[in-house]
Each structure stands twice: as structure tokens, then as C-alpha cells.
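Please read the following report beside the sequence and the structure, taking each section as a guide to one part of the fold.

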Amino acid sequence: MTTAYPHLFQPITVGPVTLPNRLVMGSMHTGLEARADGPPRLAAFYAERAAAEAGLIITGGVSPNFEGRLKDEPAMLASAADAAWHRPIPEAVHDAGGRIVLQILHSGRYGYHEAIVAPSAVRSPINREMPRAMTEADIARTIGDFATAAELAREAGYDGVEIMGSEGYLITQFLCPRTNQRDDDWGGSLDNRLRFAVETVRSVRRAVGSDFLVIFRISTLDLVEGGLTADETVALARAVEAAGADMLTSGIGWHEARVPTIAQAVPRGGFAWASRRITEAVAIPVAASNRINTPEAGEAILAAGHADMISMARPFLADGAFAAKARAGDRRGINICIACNQACLDHYFIDEPASCLVNPHACREEELRATPAEQPRAIAVVGGGPAGLAAAAVAAERGHQVTLFEAASELGGQFNLAKRVPGKQEFGESVAYFADRLQRAGVALRLGQRATTDDLAGGRFAHVVMASGVAPRRPDIPGIDHPMVATYADVLTGRVQAGRRVVIIGAGGIGFDVALFLLEHSLRSHVEADAFAHHWGIAANGEAAGGLEPSGAPDDPPPHQITMLKRSPGGFGRTLGRSTGWIHRLILARNHVAQFAGVAYDRIDDGGIHITVGGEGRHIPADNIVICAGQDPLADLAPDLAAANVAATAIGGARLAAELDAERAIEEGTRLALAL
Ligand code: NAP
Ligand code: SF4
């Protein structure tokens, strides 16, 4: 077989099975694991990936007992009834020609409920609840529960289990002095701290025999104080190998780590080097993970010898056919995960099933299945931003004749601004992907053409999709036309080079984006692993506990003195995503960005901006003031189209600018196109 990615598509034997390629679909919480409609939806979700050649699939985490559950709604595998719940999932994957293992995850002190347990009563900084310290009897019972869960996974038809030993969950809590303060056989010396992990693997292996995959997910870097050193991690890897693990998957960082591990701030493949230490220390296969989102990134990691396999989780949400397309060399056809976390991880925190910003079909395989249009018609799409791109692609693929009008000379809309923000360069991948899809589906492009009613009326089109987007809001502040005032687009496109003192009006996603752009756009930390490690204080030297530099991240002088303002009271960054907002807030704090909430804007003049805050007037000197005050819908054609009796539907920002984000835009475009 010839392929552009020869390392990725080498078969590999892992324990009792031979896999066709090195691509593992890593574990993700989908939010379906405890729902009544979970089995058919998960079966469809995983089967689609299996049919498209994912080498090995690992499910979202399932607890071996009640106290190990992550949330009050328990996803558990502890009884024959639980096993029956799971049975349709491996069955569908096997019918599709794939292999699937179940992840057993005991959350320990990370559970979001009142009865959490841990090796010691040490509260996590990301959980209000204090865990109860486990007794020796609890420990023995829990190890038994892991073994029972593995037996039940086998009974349910899975090909194996992955034991979750990373990210700060229960097993990790036993490993590290940070959370293990016991002075019995389960704490203190390294051997004692490793004992829980080793005994868990041993008892699982004993329970399932030799012809069932047992994978251990190891924390190759803890990224917390009081975490393991590299030597201790290698000792753990060897110990779980000796206890019966067939393979190791990598995990990076505890959830409470203050270093980004999967967000856009992490360069592609930025942690693969940490897997290499383990790969060199054990004979069983090791999979690298985290921010590996393209076949070329995976191929390079394997070619460099960092790992034997590549584990990707979110990229399989973004494109269920990632593996098949990569094998066929269809790189342009792959919908690349942009590491935004908006529709996957952030959904988990609000108890919504996961999906994907760039692929709303994910986890809704049956609901959003595209079928050929009953009656192919001429459709116009006005606007080539995220909503218009999605609508045009889906409508054309269903057989409609689609014409897309875009006033700018290129497709992409707001994505073309977003991709200039540090870490958001991946948005460029999405634009390229959709552009390619439009071309393959035969969409007629009218670039550089602002559609008029004449273009759209007169029976030329059976339906017009208004995806004309948004216009930046210009607040009514005396002096707003002063030359020092710029829009966010001026700054992000480089039309305006901001001076040293910058005031940002508005603190939504774009206000934060502009601040990050000003502070970080000359850095390489979003694209180079070494620069990233330096920027975030990650130790290359393996002796550092948790893999962190004892001196922390360097505090370079900020390139701009930034002040952010907003009228509403309360904290800054509350509207940002739960899994990424903390990173942006941390970067701004490190760069001493001043923030004032509850302000009234009085006027702008040569000296800067004058505001009232807390009943007192205040003057903030500025070289530039950047407006990031939200948007208004841009749908000025709508009345004329209605008058001309042209059927039209507005989507995305053109329909409603408030709380618009790309997730909603793409989903609305997709849903409308499926209904046309
Ligand atoms: P936004 O999140 O709605 O924020 C608009 C900001 O402008 C608010 O801070 C608001 O604060 C202020 N504002 C509104 N009207 C104003 C007025 N008349 N005068 C002065 N200030 C005013 O909008 P955005 O930042 O433009 O972002 C647009 C959308 O893209 C949002 O939905 C956002 O979530 C999304 N986005 C997300 C990300 C991300 O990282 N996930 C990044 C970029 C954009 P006050 O009302 O308190 O003054
Ligand atoms: Fe990737 Fe964003 Fe999709 Fe999650 S929502 S899979 S991070 S593109």
C-alpha cells in the first residue's frame, strides 16, 4: 500500500491484537455516557469512525464504582445491567470492522459530587468538595471494582480496557506526593505510591486473562508542583508494563495544571517529546497525544521516534473519516480540529452532549444525516463566512445548484480575522477545508461581489440564504472619531500598529483576542515546542518534579500597557469558554493588563479616554483606543428581498449578532442546508 504517511499506516501488534494502523481515537467525554439515548448515539458515533479506518477507538471514561463517578449522573460499569447498556456500542464498531476499548476512570477528588474519595483528604484547587481519605479496605475494594469493570467490559463485547492513570484522577492522586500524604503501604516511598496503579493493572489483567487488551494511560508530564519527576514516571511505566499492560497511552498535565495542555496556545505536537522518555524505557507500544491534529504532525512524531502510535481525540470529532482520508492522501479533505474546545469540552461543563464547532454532525450522526435533495434547486448564499460556507457546502453536496456571493476577495469572513490571533492560526485550516469542499461540490463562487437584490430576484434562485454576517458596533462616545480610535479589524489586520498604551473598549471574546494579539503575536510559543515550554515554564530537565521549572515561567516585560474597560459589573472573561478562558485571563494577568468594570464612557480626546467608575471621574492616557464593543447584524438586503417576494432565510450573525460564535454559525448553516 502506498500512502503519504507511511509510519502512520504501518500495522502494529498490541498485546493480543494486530491493528491496521497507528491511529488511536483517544478517549473523550461525549456527555452521552450516562444518557438514556446514549447507546444508539454512541454506537453510531463510534461506528462511523471505525468504518473510516480509525485503528483503535477508546471510549469516554466510565467509573468502576459509584464514588468514582465524575458527576451526579453516573456513567458506571459495575453490574450486568451496565454491561447490557454498553453492548450495542462494541457491536456496532465490530460490524463496521473496528476495535474499541472502554476507558475505566475513577475520578477521585475530581468528582463533582459530595461523596468524593482520595488517597488523602487534600482538596483540589478546582473542586469545592473535600475528599474523604480512603481506608485500606476502600483501596482493596476499589482495585477489585476496576477488575470487575474490566470483566464487565469484556462481557459487553469490548476488545479491552484503558485504565485512566493520568490527568490528575484517582490513580495519579496515589502516585504523587502532592495528593498522597499516607504513611501506610500506599504512600510515602515511590514504591508505595506506585502500588495502587500497579495493583490495579495486575488485578485487571488477572481478571481478563491474556487475550484482552489492557492499556494504561500514563501522565508523561504532570505539570503541577509535587508531581512526578521524569525518572519516577519511567519507573511507573516499567512497573505497569511488568504488571501486565499491553500498551501505554499518554496524558499530559493534571486538570488543575496552570499550563495549557490541549488549547490553541499549545503548538501542534508540542508535548510529543515527553512520550519519548517512556517509549525508550518500555518494550510495549506507547502512543503520543495532545494537539496532534494533522496526519503530517502524527507522521513526524512517529518518524522522529517519539512514540509508536498517535492518539488523537478531538480530531476524530472534527472529522470522522480522518484516518481513511489520511491513508488515501486526501489531506485537503480533512476537517482539521482547531483546538477551540468550544463544542466539545466546554459542552461537557454545561451538561450538553459534545459535538464539534467545525463539524456539527459529530455525536449527532443520525439526527444530522445528509440525504440527497428531493428536488434540486438553485440556491444563493450571501456571505462566505462560517455560516455561509457550511450552508453552501451542505446544500451543494445534497444536489442543489449553489451560488455563493462574498463581498471580500476571499472566503472566510470573521475566520480571517480570528486566524491572526496568536494560537488561532488553525482557523486558516477551516477556511481552506470549506473552500475545498465548495469546489468539490461545484459551488459557483462570486468573490468580490456584494450581492444586490437584482442579483437575487427575478426567479434566479428558489431560496436565498442570508449569511451576510455582522458589522462591528461603534459606540456613541464623544470623540469616537478621534484618529487614535481603531477597530479590532484595524488592529488584527495590521492596518493600525498600536502604540505602547492601549485602551480596549469591551471585554468579550474579541476584546480578549485583541489583548492577546497585542501581547503575544510576535512570540513563537504557539507554534514551536521549545518556545512554548520556555514561555510556560516547562522543564526540559527530567529531574524537575511535575516537569515544571522551579523558578516558574519567565516574566518578560509586556510590549504594551493595556487597559480593558467594560460597562457591566463583575469579573472579566466570564463569557469565555470554561476550558480556555483561564488561559487568557492568566496571560493578561502575567502582562499586568489593567481592567475596569462598571465604567461609563465620558469622552475621548488627545490625552486618551475619560471614564467614570465607582462614581469618580478617571482619565486613562492612551496612544490607541480599540473598539471591541460587539456587533450588529448585517442583513440590509432582507427588506428588499421580502418586497421582491424572494424566499430568504437569515442565519448566523445576520440573523442574530448577540452571542454569535462560529459554533452557532456553522450549526445554523448546516441545519438550514439540510432542510432545503
Ligand atoms: P461580545 O462577547 O458580545 O462582547 C462585546 C463587548 O462589548 C462586551 O464586553 C460589552 O461589554 C461591550 N459592549 C457592548 N455594547 C457596547 C456599547 N454600546 N458600548 C460599549 N461597549 C459595548 O462580542 P465580541 O467580543 O465582539 O465577540 C463576538 C462573538 O464572538 C461573541 O459571541 C464571542 O463569544 C465570540 N468570540 C469568542 C471567542 C472565544 O475565544 N471563544 C473569541 C472571539 C469571539 P459591556 O456591555 O459590559 O460594556
Ligand atoms: Fe476541535 Fe473545536 Fe471541534 Fe472540539 S469543537 S473537536 S476543539 S474543532
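## The pairing of β13 and β14

Ala 380 stands opposite Thr 403 in β14, and this position belongs to a predicted model, as does everything described below. Strand β13, which covers residues 378-382, is joined by five bridges to strand β14, which covers residues 401-406, and the two run parallel.

These two strands are part of an open sheet of five strands, whose order is β15-β14-β13-β16-β27 and whose pairing is parallel. At the edges lie β15 (444-447) and β27 (648-650), each of which pairs on one side only. On average, and with direction ignored, neighbouring strands of this sheet are turned by 15 degrees against each other. Helix α13 lies across β13, β14 and β16 (463-466), and runs at about 165 degrees to β14.

## The nonpolar cores

The largest nonpolar core has 178 residues, and those with the most contacts inside it are Phe 216, Leu 248 and Met 564. Helix α13, residues 386-397, gives the most to this core, with nine residues. Apart from it lies another core, of 18 residues, which includes Ile 480, Ile 505, Tyr 601 and Ile 611.

Which residues does Leu 248 touch, when those up to four places away in sequence are not counted? Leu 248 touches Phe 216, Ile 218, Ala 237 and Val 240, together with Ile 278, Val 282, Ile 284, Pro 285, Val 286 and Ala 287.

Strand β4, residues 56-62, is mostly covered, since seven of its seven residues are buried. Two bridges join strand β3 (residues 23-25) to β4, and these strands run parallel; the bridge partner of Met 25 in β4 is Ile 57.

Strand β4 is also joined to strand β5 (residues 100-104), by four bridges and again in a parallel arrangement. In this pairing Val 62 stands opposite Ile 104 in β5. As a general point, the side chains of a regular strand alternate between the two faces of the sheet.

## The packing of α4 against α6

Two packed helices are described by the angle between their axes and the distance between the axes. For helix α4 (residues 136-156) and helix α6 (residues 190-208), the axes come within 8 Å and cross at roughly 40 degrees, and the crossing is right-handed.

On the side of α4, the contact is made by Ile 139, Thr 142, Ile 143, Phe 146, Ala 147, Ala 150, Glu 151 and Arg 154. On the side of α6, the contact is made by Phe 196, Glu 199, Thr 200, Ser 203, Val 204, Ala 207 and Val 208. The residues of this contact divide into nine nonpolar, three polar and three charged.

Leaving aside its neighbours within four places in sequence, Ala 544 is in contact with Leu 228, Thr 229 and Ala 539.

Gly 537 is buried, with 2% relative accessibility, and, when residues up to four places away in sequence are not counted, Gly 537 touches Gly 547, Leu 548, Glu 549, Gly 552 and Ala 553. In strand β20 itself is Thr 563, which is buried at a relative accessible area of 9%. Beyond its neighbours within four places in sequence, Thr 563 is in contact with Val 502, Val 503, Ile 504, Ala 594, Phe 596 and Ile 620.

## Two positive phi angles

Most residues other than glycine have a negative phi. Leu 223, although not a glycine, has a positive phi of about 60 degrees, and lies in the loop between β9 (213-221) and α7 (230-243). Asn 645 is likewise not a glycine and has a positive phi of about 60 degrees; Asn 645 lies in the loop between α21 (638-643) and β27.

Are these two residues buried or exposed? Leu 223 counts as buried, at 2% relative accessibility, whereas Asn 645 is exposed, with a relative accessible area of 72%.

Note on methods. Residues numbered from 1 in each chain as written. Chains lettered and ligands numbered in written order. Predicted model: local features only at pLDDT ≥ 70, side-chain atom pairs only at ≥ 80, totals over all residues. Heavy atoms only, no water. Core = buried A, V, L, I, M, F, W, Y, C linked by side-chain atoms within 4.5 Å. Buried < 20%, exposed > 50% of the residue type's maximum accessible area, 1.4 Å probe, protein only. Contact = heavy atoms within 4.5 Å. Pairing = 2+ DSSP bridges. Axes fitted to C-alpha atoms, helices over the stretch in contact; angles between N-to-C directions. Left-handed = near helix turned anticlockwise from the far one by under 90°. Nonpolar A, V, L, I, M, F, W, Y, C, P; charged D, E, K, R; others polar.
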